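Here is a short report for a reader meeting this structure for the first time. Please look over the sequence and the model before reading on.

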Amino acid sequence: MRKRPAIVAFLVLAAAGVGAVAFAAQSEEAPVVGQVDEPAAVSPGQAKHAAAVVAETGASPTEVAGLRASGAGWGLIRHGYVLAEAEGIGVEEAIERIRNGEVEGKPPWAGPKQGDGIAPGQARKAAEVAAIAGVLPETVAEARAAGTGWGQLKKAAELVASDGLSFEEAVAAVRSAGP
């Protein structure tokens, strides 16, 4: 069932001309995009990326295809959409700003880094536990920083969900029970 969006995206993108879009000419200022007679094959991986970007952003498949044809990679396209939304600018302008290094401070798409006190993998685990327990990821991260293991945090989250304890009560109960 999960492959259906990728297949649908492939068909939509093929119909929209993703494979048919190519550089017809290139000037000093900007590439000129044109159509070729034979559409190029779109790999399943490319269709999967395209479907994800379309689903995440609500952009049209044609718009995403145009960004790819202009030489933007999938990560740059995703980052461009996030920056465009955060700053209220067009995605093309956002991509250009990213390429030129004009984004000041921490980019809006950047997740937590080692220097932020929690690694990206740890942030993901904290978010998963928080979703089960119905608390903020920061609450889980604080309990983790206080020495509670990930297994204990998951058990505590399950106690919250099943027994109706507060997260703090559940963590205390699991820690007192030992490993």
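## Salt bridges in the model

Three salt bridges turn up when the whole structure is searched. The model is a predicted one. Each pair is taken in turn below.

## Arg78 and Glu56

The side chains of Arg78 and Glu56 form a salt bridge, with N and O 3.0 Å apart. This pair links distant parts of the chain. Arg78 sits in helix H4 (residues 74-87), Glu56 in helix H2 (residues 44-57), and 22 residues separate them.

How exposed are the two partners? Arg78 is partly exposed, at a relative accessible area of 23%. Glu56 is exposed, at 52%.

## Arg97 and Glu87

Helix H4 also supplies Glu87. The side chain of Glu87 meets that of Arg97 in a salt bridge of 2.4 Å, N to O. Arg97 lies in helix H5 (residues 91-99), so the bridge ties together parts that are ten residues apart in sequence.

Is Arg97 buried or exposed? Arg97 counts as buried because its relative accessibility is 19% and the cut-off for buried is under 20%. Glu87 counts as partly exposed, at 40%.

## Arg124 and Glu128

Which residue forms a salt bridge with Arg124? The partner is Glu128, and the closest N and O atoms are 3.1 Å apart. Both residues belong to helix H6 (residues 120-133). They are four residues apart, about one turn of the helix. An α-helix has 3.6 residues a turn, so residues three or four places apart point the same way.

## The chain as a whole

The chain has nine helices and two strands. Along the sequence, the pattern reads α-β-β-α-α-α-α-α-α-α-α.

How many residues are in the chain, and what share is buried? There are 179 residues, and 28% of them are buried. The accessible surface comes to about 11000 Å². Carbon and sulfur atoms account for 56% of that surface.

Contacts also reach along the sequence. Take the contacts between residues at least 6 apart in sequence: 39% of these join residues at least 24 apart.

Helix H9 covers residues 167-177. Which residues of H9 are buried? They are Phe167, Ala170, Val171 and Val174. Seen down the axis of H9, the buried residues fall within an arc of 100°, so they line one face of the helix.

The other side of H9 has Glu168 and Ser176, both exposed. Just after H9 comes Gly178, with a positive phi of about 85°.

Arg175 is partly exposed, with a relative accessible area of 39%.

What does Arg175 touch, leaving out residues up to four places away in sequence? Its contacts are Ala146, Gly147, Thr148 and Gln152. A further distance places Arg175 relative to Lys155. These two residues are 20 apart in sequence. In space, their C-alpha atoms are 9.9 Å apart.

Definitions and conventions
Residues numbered from 1 in each chain as written. Predicted model: local features only at pLDDT ≥ 70, side-chain atom pairs only at ≥ 80, totals over all residues. Heavy atoms only, no water. Buried < 20%, exposed > 50% of the residue type's maximum accessible area, 1.4 Å probe, protein only. Contact = heavy atoms within 4.5 Å. Areas by Shrake-Rupley, 256 points an atom, 1.4 Å probe, with all protein chains shown as cover. Salt bridge = Lys/Arg side-chain N within 4 Å of Asp/Glu carboxyl O. Arc of directions from axis to C-beta.
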